Amino acid sequence: MLFRSANASLINSNGASPSNSITNSTNSSSNGAINFVANFTNQLDKASQAVTDTASGLVTTAFGFLGVPYKFGGTNTETGIDCSALVMLIYKESLGMVLPRTAAEQAKASESIDEKDLKPGDLVFYNTMKRTFSHVGIYIGDGKFIHAPRTGAIV
C-alpha cells in the first residue's frame with residue numbers, strides 16, 4: 001500500500017521509495033504506527049465512499065418522485081403527497097430509515113448545520129406558513145433541493 005508523505009513523494013509501508021530497494025532502518029514500533037495509519041486511512045476512505053454512495057442513492061431515489069402531485073397531508077404517491085411525506089418516503093425507500101411524519105418533527109429529530117456545510121441528502125427546512133419548520137425538502141447539490149411545493153403543483 002502506498003501513502004503520500006508530507007513532502008508529496010510516495011513511500012510504501014516499510015518507508016522505502018517504491019522505485020528502489022533501499023531498506024529503511026525504522027524500528028518495529030514505527031512500522032506499527034505506519035500500519036495503524038494505513039488501516040485508519042483505508043477505513044476512512046471506505047466510510048467516505050459509503051457516505052457518498054448513500055447520498056447519491058438518496059438523490060437518485062428523490063428524482064424518482066418527480067411528477068408526483070402535491071396533496072396537503074397526503075402520503076400516497078398515487079393520490080398525492082406533501083413535503084414531509086416526500087422526505088419520509090425517500091429516506092425509507094433509499095436508506096430504510098423511518099423518519100417522523102411532519103416537517104416540524106423531522107426538524108426536531110435532525111441536527112442543525114450551517115448552509116455552507118450542506119451536502120446532497122441533507123434536509124432543508126423553511127418557514128412557509130408563519131411557523132417554524134413548516135416546509136422541508138432534500139438538498140440535491142448545486143444550490144438546489146427537491147420538494148413537494150404546494151397544492152396544484154408537483155414534486
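This is a predicted model: local features need pLDDT of at least 70, side-chain atom pairs count only at pLDDT 80 or more; totals for chains, interfaces and linings use all residues.
**Entry 1: Ser134**

I started at Ser134, which sits in the loop between strand 5 (123-126) and strand 6; strands (E, at least two residues) and helices (H or I, at least four) are DSSP runs numbered from the N terminus. Residues are numbered from 1 along each chain as its sequence is written, and side-chain values use heavy atoms, with hydrogens and water left out.

Buried or exposed? I looked up Ser134. Ser134 counts as buried because its relative accessibility is 9%; buried means under 20% relative accessible area, exposed over 50%, and partly exposed in between (1.4 Å probe, protein chains only). Its side chain reaches the backbone nitrogen of Thr128 at 2.7 Å. For contacts (heavy atoms within 4.5 Å), I skipped neighbours within four places in sequence and got Cys83, Ala103, Tyr126, Asn127, Thr128 and Met129.

**Entry 2: two positive phi values**

Phe133 is in the loop between strand 5 and strand 6. I noted a positive phi of about 60° there, although Phe133 is not a glycine. With a relative accessible area of 38%, Phe133 is partly exposed.

Asp142 is another non-glycine with positive phi, near 60°. I found Asp142 in the loop between strand 6 and strand 7 (144-146), and it counts as exposed because its relative accessibility is 73%.

**Entry 3: Asp82**

Next I checked Asp82, in the loop between strand 4 (80-81) and helix 2. Asp82 is at 8% relative accessibility, so it counts as buried. Which side chains make polar contacts with Asp82? I got Ser84 at 3.3 Å and Arg101 at 3.0 Å. My cut-off for a polar contact is a pair of N or O atoms within 3.5 Å; within protein, one must be able to donate a hydrogen and the other to accept it, and residues adjacent in sequence count only if both atoms are side-chain atoms. Beyond four places in sequence, Asp82 touches residues including Tyr70, Phe72, Arg101 and Ala148.
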